[in-house]
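Subject: Structure for your review

Dear colleague,

Please find below the structure that I am handing over to you.

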Amino acid sequence: MFKESKKKLSTPATDTLLANGTSFEGMIEAEANIRIDGHFQGGIYSTRTVVIGESAVVRSDIIARDVIVAGKVFGSITTEGRLTITPTGELYGNTATPTLIISEGGVLNGTSQMNQTTDAEPPAVIEKSEDENQSSFDQDQEDTQDSLQPEAG
């Protein structure tokens with residue numbers, strides 16, 4: 001009599017794909033949707049949607065209109081629209097977004113800043129010098145560990 005309806009997360013059409021089993025290092029700048037299912041290290045900038053698939057491991061700062069995380073991301077994410085972390089998604093880093101959705105089981109290990117939606121362009125990707133071997137997330141982890149150590153005395 002009643003049909004059981006399950007809402008599926010609608011995934012936007014994919015214009016650019018880094019398939020499972022593929023590794024890439026560098027910078028991706030696109031005016032299209034991006035889906036990553038493989039391993040990626042570098043920077044990602046898109047004026048549309050970035051999808052990090054369940055099998056993906058991404059070490060990157062991501063700037064996009066919307067981001068869906070179903071795999072692992074190590075880095076910061078900045079969106080103009082929505083950041084969605086699915087039940088299999090893990091974000092180890094900071095985020096700045098007007099809308100944040102974390103499904104039960106999803107992981108956010110970092111800080112979140114809720115920004116107001118504006119018509120301005122997202123901030124430019126900041127290039128790190130080769131001397132900076134540690135990400136800000138790694139430094140935060142060390143600071144946390146140091147604060148947890150008992151003081152000698």
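The notes below set out what was found, beginning with the basis of the model.

**Basis and confidence**

This is a predicted model, in which local features need pLDDT of at least 70 and side-chain atom pairs count only at pLDDT 80 or more, while totals for chains, interfaces and linings use all residues. Residues are numbered from 1 along each chain as its sequence is written, and side-chain values use heavy atoms, with hydrogens and water left out.

The average pLDDT (the predictor's confidence in each residue, from 0 to 100) is 80 for the chain, and 66% of the residues score at least 70. Helix H1, residues 136-148, has the lowest mean among the elements, at 48. Strand S8, residues 72-74, has the highest, at 98. Over residues 123-137 the pLDDT stays under 50. For that stretch the model has 13 contacts (heavy atoms within 4.5 Å) beyond four places in sequence. Where pLDDT is low, the predicted coordinates should not be read in detail.

**Overall composition**

The chain has 153 residues, of which 34% count as buried. Here buried means under 20% relative accessible area, exposed means over 50%, and partly exposed lies in between, with a 1.4 Å probe and protein chains only.

Of the contacts with a separation of 6 or more, 10% involve residues 24 or more positions apart.

**Strand pairing**

Two strands are taken to pair if DSSP finds at least two bridges between them. An open sheet is formed by six strands in the order S1-S3-S5-S7-S10-S13, with parallel pairing. Strand S1 (16-18) and strand S13 (99-102) stand at the edges with a single partner strand each, so one side of each has no neighbour in the sheet. Neighbouring strands of this sheet are turned by 10 degrees against each other on average, direction ignored; the axes are lines fitted to C-alpha atoms, for helices over the stretch in contact, and angles run from 0 to 180 degrees between N-to-C directions.

S1 runs parallel to strand S3 (residues 34-36), to which three bridges join it. Within this pair, Thr 16 stands opposite Ile 34 in S3.

Strand S6 (residues 57-64) has several pairings. With strand S4 (residues 39-46), S6 pairs in the parallel sense over seven bridges, and Gly 43 stands opposite Asp 61 in S6. Three bridges join S6 to S8, again in parallel, with Arg 59 opposite Phe 74 in S8. S6 also pairs with strand S9 (residues 77-79) in the parallel sense over three bridges, where Ala 64 has Thr 79 as its bridge partner.

**Salt bridges**

The whole structure contains three salt bridges, each defined as a side-chain nitrogen of Lys or Arg within 4 Å of a carboxyl oxygen of Asp or Glu.

- Arg 48 and Asp 15 meet at 3.6 Å, N to O. Arg 48 lies in the loop between S4 and strand S5 (49-52) and Asp 15 in the segment before S1, so the pair ties together parts that are 33 residues apart in sequence. Arg 48 is partly exposed at 32% relative accessibility, as is Asp 15 at 44%.
- Asp 37 and Arg 35 meet at 2.9 Å, N to O. Asp 37 is buried at 14%, whereas Arg 35 is partly exposed at 23%.
- Asp 66 and Arg 65 meet at 3.1 Å, N to O. Arg 65 is partly exposed at 33%.

Ile 52 is found in strand S5 and is buried, with a relative accessible area of 0%. Not counting residues up to four places away in sequence, Ile 52 touches Ile 36, Val 58, Ile 62, Ile 68, Val 69, Ala 70, Gly 71, Lys 72 and Val 73. Ile 52 and Val 73 are 21 residues apart in sequence, and their C-alpha atoms are 7.9 Å apart in space.

Yours sincerely

Terms used: Helices (H or I, at least four residues) and strands (E, at least two) are DSSP runs, numbered from the N terminus.
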